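Open the model in your viewer and keep the selection tool at hand. This tour goes stop by stop.

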Amino acid sequence: MQGGGFVVLRRCAGGERRGILKNRKRQAGTVEYGPAQRRNSMQWWKLEAPERRRFALLAGGGLIYVLPILLADRYYQDDLARAVYGAGGWVGDGRPLTEWIMELLAGGGSTVIDVSPLPLLLGVAVLAYAMTLYARQAFPALRGSALATVSLGFVLTNPFALANLSYKFDCLTMLLAVAICFVLYALPATLGGPRLAVAGAVCAVLVMSLYQPGAGMFLVLAGVWGVFWLVDWLGSGEPLRGRLPCLWPEVWRLGGIGAGALVYLKGIAPRLMNQEGWQQNASQTVGGIGALRTMVSHLLEGARYIETRLLQFPVAYRTALLLAVAGAVAAALWRFWRQSKAAPVRKLLGCLLLLAAPFAVLLASYLPLTALQSVPFAPRLLLAAGGAMLFIGLLWLRALPHRRAVAGVLLGACLFCQFCYGYAYGNALKCQKDYEVYLVTQIAHDCETINSAETYDQLSFMGDPPSPRQMQQFTNMYPLFGELILPYFNNSNWIGGAWVYHYLQHGLKIVDLTDADKAACTDENRLLQNSLYDCYRSGNKILISFR
């Protein structure tokens, strides 16, 4: 792929090598690219020494990154109820494979138990392995590149994915969904189009049955391949027919993904998902004349959501991120324009493509979600957004075959900032958990004291619980933490209120507030008070009113 000036060597469907080897020299002689392509395609899952080193770096680095979350040891949202009830509830969410995996980790049966931190450790290891396989197949010329390993590291250190990593139970299956996307794109094109289509369909069904937002990584990886393929073709000046042998396997692969997604949406999800409550509303897909307009609206809404959150990041991280992205695009444009032998029109199209590519890859990370009628954007839905920084890293590496010190500094600075952000998040998570334990211990003690004669059988909360002073400092510095770390103590038996069930031994049931409850908050009905909350009686109910 000569005209664009990018160093690449891939094996196409017919087995021929396409690309150009720049006359780069090492001390020991000419650099050889593409040893992975000489491997038998039926042995694609085995790792050799260079791949084992990359896997060790990715897995070890991932473990270091998630260490603060492991040390915080906080039940995150749905974890509260699952730890108490032993019920998964994932089948009703359209995630049957998650249910089966978590039941298997619990020893079989229909009950899930807390086996953390095993799910997170397994998830990090599986994702590291899948990315190592992908790297060998997608860019074999960078087999020993440390910067390529750093670029892959951005997938896990995506700040939005901190929400996904915080779940004690299904963090494994969320990471497994992303890993399957990388495994699909680690399959060599020499398998042939029909086999790739079948593999794509199977992988799509698996990913959707694990965690639907993870499917965005399919489009990210397809976009990475597509951008470089188009840029190389535009820069070469060659006719399109000469490039088609490399294109058709990817068309088969992407077509299989689409077919698998349709099988899941039309054949699997309707039979499993709850047809009432939030699951029904969340599973409704767009249709009719206004479908495209709705999808575009969701796409723009997601872009505004990401922009708003990125502007809230610390100035050092924003600066490093801006320099890394702008520098990668500028370097790619310079090399493309300088090396291309194509006509001016094709060179201009290639430049426009490179300018738009980072944003297009980012949008692709959540594009599947835009097919839903309603998309309440939240950090956990942007699990695949880290793929955008993977693309930026590859753009640096393919635009600059030599003198990559600047790229190393900028990418390393971004990764370091994301580690700092993750460690601050882990400490904020622990701070919130410590205060919640202190607060719930008091509440449980007071409720058991008040109800020593078992006069009451219901419990409700009013108002917002206090926040620890250190947590207020964290959210002032990192506003996204206020969205990632939600305070508990509400009237939900599943998320929030279920926190009290971890400490209460008798049959107090958490229920919603009524108008009569609000009217009962008088001095006459006050049972107990302290500086944080008041306890009132309302019939057979204890009211906890936060001040």
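Start where the two domains touch: 30 residues of domain 1 are in contact with 23 residues of domain 2. Keep in mind that this is a predicted model.

**Stop 1: the two domains**

Select residues 47–401 for domain 1 and 426–546 for domain 2. Colour them separately. Their centres, taken over C-alpha atoms, are 38 Å apart. About 2,300 Å² is buried between domain 1 and domain 2, and carbon and sulfur atoms give 66% of that area.

**Stop 2: a salt bridge across the domains**

Side chains of opposite charge can pair when their charged atoms come close. Between domain 1 and domain 2 the count is 2 salt bridges. The structure as a whole holds 15.

**Stop 3: a salt bridge between loops**

**Stop 4: two helices side by side**

Select helix H4 (residues 118–138) and helix H7 (residues 171–184). Two packed helices are described by the angle between their axes and the distance between the axes. For H4 and H7, the axes come within 8 Å and cross at roughly 5°. The two helices are therefore roughly parallel to each other, as angles under 35 degrees count as such.

Show the side chains next. On H4, the residues that meet H7 include Leu-120, Val-124, Leu-127, Met-131 and Tyr-134. Among their partners on H7 are Leu-172, Leu-175, Ala-179 and Phe-182. The residues of this contact divide into 17 nonpolar, 1 polar and no charged.

**Stop 5**

Finish at Ala-106, in the loop between helix H3 (96–105) and H4. Which residues does Ala-106 contact, leaving aside its neighbours within four places in sequence? Select Thr-111, Val-112 and Ile-113 to see them. Ala-106 and Gly-86 are 20 residues apart in sequence, and their C-alpha atoms are 9.8 Å apart in space.

How values were computed: Residues are numbered from 1 along each chain as its sequence is written. This is a predicted model: local features need pLDDT of at least 70, side-chain atom pairs count only at pLDDT 80 or more; totals for chains, interfaces and linings use all residues. Side-chain values use heavy atoms; hydrogens and water are left out. Axes are lines fitted to C-alpha atoms, for helices over the stretch in contact, and angles run from 0 to 180 degrees between N-to-C directions. Helices (H or I, at least four residues) and strands (E, at least two) are DSSP runs, numbered from the N terminus. Angles under 35 degrees count as roughly parallel, over 145 as roughly antiparallel, 65 to 115 as roughly perpendicular and the rest as oblique. Contact means heavy atoms within 4.5 Å. Ala, Val, Leu, Ile, Met, Phe, Trp, Tyr, Cys and Pro count as nonpolar, Asp, Glu, Lys and Arg as charged, and the others, Gly among them, as polar. Domain bounds come from an automatic or database domain assignment. Buried area is the accessible area (1.4 Å probe) that two parts lose on being put together, summed over both. A salt bridge is a side-chain nitrogen of Lys or Arg within 4 Å of a carboxyl oxygen of Asp or Glu.
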